Amino acid sequence: MIATRIKHLFATVYPKSLGRPYTLREAADKINEDAGEELISVAYLSQLRKGDKREPAFNKLAGVAKLFGVSTDYFLDDETAARTDQQLALVAAMREQGVDRVATRALGLSANSLEAILGMIENARKIEGLADDEGDAPAQEQ
């Protein structure tokens with residue numbers, strides 16, 4: 001269970017500046033840098049990811065959790081993991097679709113400007129025959 005969740009974090013959570021998942025070396029180096037000490041080795045992290053280490057030391061698991069911005073409960077509690085995975089899926093989808101760039105550029109705009117932008121997005125969705133709201137059928141031309 002821990003290995004599966006760590007593999008998932010490696011695949012989905014990484015800094016935008018890196019533009020790709022962490023290598024084991026990069027992850028271990030960042031965990032150790034954040035901890036201010038040699039907390040985890042590449043070998044130990046690899047064992048966690050492969051499932052060879054099934055009961056890791058809490059401080060090492062906490063270091064991994066901090067790297068990926070999740071709670072340690074993510075590794076131990078199915079409900080927390082499911083909720084976190086939904087949030088991670090949304091972030092990954094936003095990153096893939098460039099939505100994060102749109103959201104970042106919209107920061108600081110007035111409510112009126114944001115409403116106008118939303119209107120443009122809704123119009124573009126209609127033009128492309130996409131659903132007009134989450135779960136709704138595509139808009140039909142009349």
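Axes here are lines fitted to C-alpha atoms, for helices over the stretch in contact, and angles run from 0 to 180 degrees between N-to-C directions. Helices (H or I, at least four residues) and strands (E, at least two) are DSSP runs, numbered from the N terminus. The structure is a predicted model, in which local features need pLDDT of at least 70 and side-chain atom pairs count only at pLDDT 80 or more, while totals for chains, interfaces and linings use all residues. Residues are numbered from 1 along each chain as its sequence is written, and side-chain values use heavy atoms, with hydrogens and water left out.

The protein chain holds 8 helices and 0 strands, and along the sequence it reads α-α-α-α-α-α-α-α. Its radius of gyration (taken over C-alpha atoms) is 20 Å, whereas a compact globule of 142 residues would have one near 14 Å, by a globule rule of 2.2 Å times the number of residues to the power 0.38. Along the principal axes, the C-alpha atoms fill a box of roughly 60 × 30 × 20 Å. Of the 142 residues, 28% are buried, where buried means under 20% relative accessible area, exposed means over 50%, and partly exposed lies in between (1.4 Å probe, protein chains only). Contact means heavy atoms within 4.5 Å. Among contacts between residues at least 6 apart in sequence, 42% join residues at least 24 apart.

The helix pairs come next. Helix 2 (residues 24-35) packs with helix 3 (residues 42-50) at an angle of about 115 degrees, and their axes are 9 Å apart. The two helices are therefore roughly perpendicular to each other; angles of 65 to 115 degrees receive this label, those under 35 count as roughly parallel, those over 145 as roughly antiparallel, and the rest as oblique. Helix 2 passes helix 3 in a right-handed crossing, meaning that the near helix is turned clockwise from the far one by less than a right angle, with anticlockwise giving a left-handed crossing. On the helix 2 side, L24, R25, A27, A28 and I31 take part, and they meet V42, L45, S46 and R49 in helix 3. This contact of helix 2 with helix 3 comprises 6 nonpolar, 1 polar and 2 charged residues. In this classification, Ala, Val, Leu, Ile, Met, Phe, Trp, Tyr, Cys and Pro are nonpolar, Asp, Glu, Lys and Arg are charged, and the others, Gly among them, are polar.

Helix 2 also meets helix 4 (residues 58-68). Their axes come within 9 Å and cross at roughly 105 degrees, so helix 2 and helix 4 are roughly perpendicular to each other. Here A27, K30, I31 and D34 of helix 2 meet G63, V64, K66 and L67 of helix 4. The residues of this contact divide into 4 nonpolar, 1 polar and 3 charged. Turning to helix 1 (2-12), this helix packs with helix 3 at about 110 degrees, with the axes 6 Å apart. Helix 1 and helix 3 are therefore roughly perpendicular to each other. From helix 1, A3, I6, K7 and F10 make the contact, together with L45, L48, R49 and K50 of helix 3. By class, the contact of helix 1 with helix 3 has 5 nonpolar, no polar and 3 charged residues.

What do the buried residues of helix 4 pack against? Their partners are helix 1, helix 2, helix 3 and helix 5 (73-76), and the buried residues themselves are K60, L61, G63, V64, A65, L67 and F68. F68 has a relative accessible area of 4%. Leaving aside residues up to four places away in sequence, F68 touches L9, F10, V13 and Y22. The C-alpha atoms of F68 and T12 are 9.3 Å from each other, although the two residues are 56 apart along the chain. Helix 4 is followed by G69, whose phi is positive, near 70 degrees.

In helix 1, the buried residues are I2, A3, R5, I6, L9, F10 and T12. Their cover includes helix 2, helix 3, helix 4, helix 5 and helix 6 (78-97). L9 has a relative accessibility of 0% and counts as buried. Beyond residues up to four places away in sequence, L9 touches F68, V70, Y74, F75 and L88. The C-alpha atoms of L9 and V70, 61 residues apart along the chain, are separated by 9.2 Å. In helix 5 lies D73, which is partly exposed at a relative accessible area of 41%.
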